[in-house]
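Colleague: I would like to learn how to read a few features of a protein model. Please give the general idea before each case.

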Amino acid sequence: MKRDASQTPRSVNRGFEDDCVTLPIESILPLRALSKSAKSSRKYRQIVASIVQIGIVEPPIVVRNPDQSATWLLLDGHLRIEALKDAGTQEVECLVSTDDEAFTYNRQVSRLAPVQEHKMIRKAIERGVPEEKIAAALDLNLSSIRRKVRLLDGICEEAVAILKDKPCTAAVFGALRKMKTMRQIEAAELLVNANNFSVAYVSAILAGTPQAQLVDSSKPKKIKGITPEAMARMEQELARLQEGIASIQDTYGQDHLHLTVIKGYVGKLIGNARIVRYLAQNHPEFLGEFQTITEITPVEAASPD
């Protein structure tokens with residue numbers, strides 16, 4: 001039977017070459033400089049500990065340097081490469097990108113949120129990986145690993161789904177745990193709508209939660225630094241805030257669309273390695289502002305090695 005032209009499969013552009021390549025680390029050129037505080041960050045220490053325990057999990061991503069055939073441009077993995085250099089490693093296995101338009105790979109890769117990290121650790125334990133080995137690989141003490149395992153105890157599935165890719169700390173879930181199911185869902189939506197996942201904000205939501213919506217409704221709320229009178233006022237203010245949020249959601253959609261379009265356009269500009277090199281050499285102040293725009297996290301969006 002003759003195939004209709006519309007049914008002919010189209011070729012798919014591959015983002016990476018089929019095979020990894022092992023490269024001398026000295027031949028890999030970073031496209032951005034690390035900050036002075038990078039090596040003192042917890043992220044860097046975790047990478048170092050992970051390399052010692054299990055090696056490189058995520059290969060750095062490189063692209064061939066169009067200017068010099070013997071060198072490669074580093075798209076993602078700057079901290080990993082620095083950790084390998086410090087360890088005296090001479091070579092590293094890398095993924096080779098087929099597109100040099102992706103300068104900021106690390107901004108496009110989804111990083112583990114606390115909920116995702118919790119699920120990863122739980123799955124590793126279920127597969128028989130000792131807690132001690134997980135702690136060593138993540139540069140955490142054993143009690144921290146156990147707290148992460150218990151992170152979602154007492155949190156309803158709906159609230160977990162809302163916050164699954166959000167940067168919520170254990171203290172945020174600790175506050176939610178004091179609320180009943182429906183209030184947990186409302187609180188999770190408030191956090192997302194405000195794009196504020198701080199302990200101070202979730203504590204304010206807890207303070208503004210009616211007594212009947214708490215798990216232990218017979219026990220009066222006690223929040224350090226907040227009087228019962230202040231909590232009563234916060235309950236009223238929070239109720240008004242929820243009404244206000246509902247009233248502006250229609251106009252918010254249009255504003256969010258504009259922001260998304262602008263961010264996407266600027267992201268494409270600095271996703272081109274040639275443009276980035278030109279801006280870095282001639283207009284570094286513009287490059288910094290453009291990168292700041294691409295880092296803006298809209299309320300609906302999720303948000304670096």
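Modeller: Start with burial: a residue is buried under 20% relative accessible area, exposed over 50% and partly exposed in between, using a 1.4 Å probe and protein chains only. This is a predicted model, where local features need pLDDT of at least 70, side-chain atom pairs count only at pLDDT 80 or more, and totals for chains, interfaces and linings use all residues. Residues are numbered from 1 along each chain as its sequence is written, and side-chain values use heavy atoms, leaving out hydrogens and water.

Colleague: Is Cys 94 buried or exposed?

Modeller: Cys 94 is buried, at a relative accessible area of 0%. Cys 20 is partly exposed, at 33%.

Colleague: How many disulfides does a search of the whole structure find?

Modeller: A disulfide is a covalent bond between the sulfur atoms of two cysteines. The cut-off for the sulfur pair is within 2.5 Å. The search finds 0 disulfides. For Cys 20, the closest cysteine sulfur is in Cys 94, 8.0 Å away, which is too far for a bond.

Colleague: Which residues of α9 are buried?

Modeller: Helices are DSSP runs of H or I, at least four residues, numbered from the N terminus. Helix α9 covers residues 181–194. Its buried residues include Arg 183, Ile 185, Leu 190 and Val 192. Just after α9, Asn 195 has a positive phi of about 50°.

Colleague: Which residues of α9 meet α10?

Modeller: Contact means heavy atoms within 4.5 Å. Arg 183, Ala 187, Leu 190, Leu 191 and Ala 194 in α9 meet Tyr 201, Val 202 and Ile 205 in α10.

Methods: Helices (H or I, at least four residues) and strands (E, at least two) are DSSP runs, numbered from the N terminus. The expected span of a helix is 1.5 Å times one less than its number of residues.
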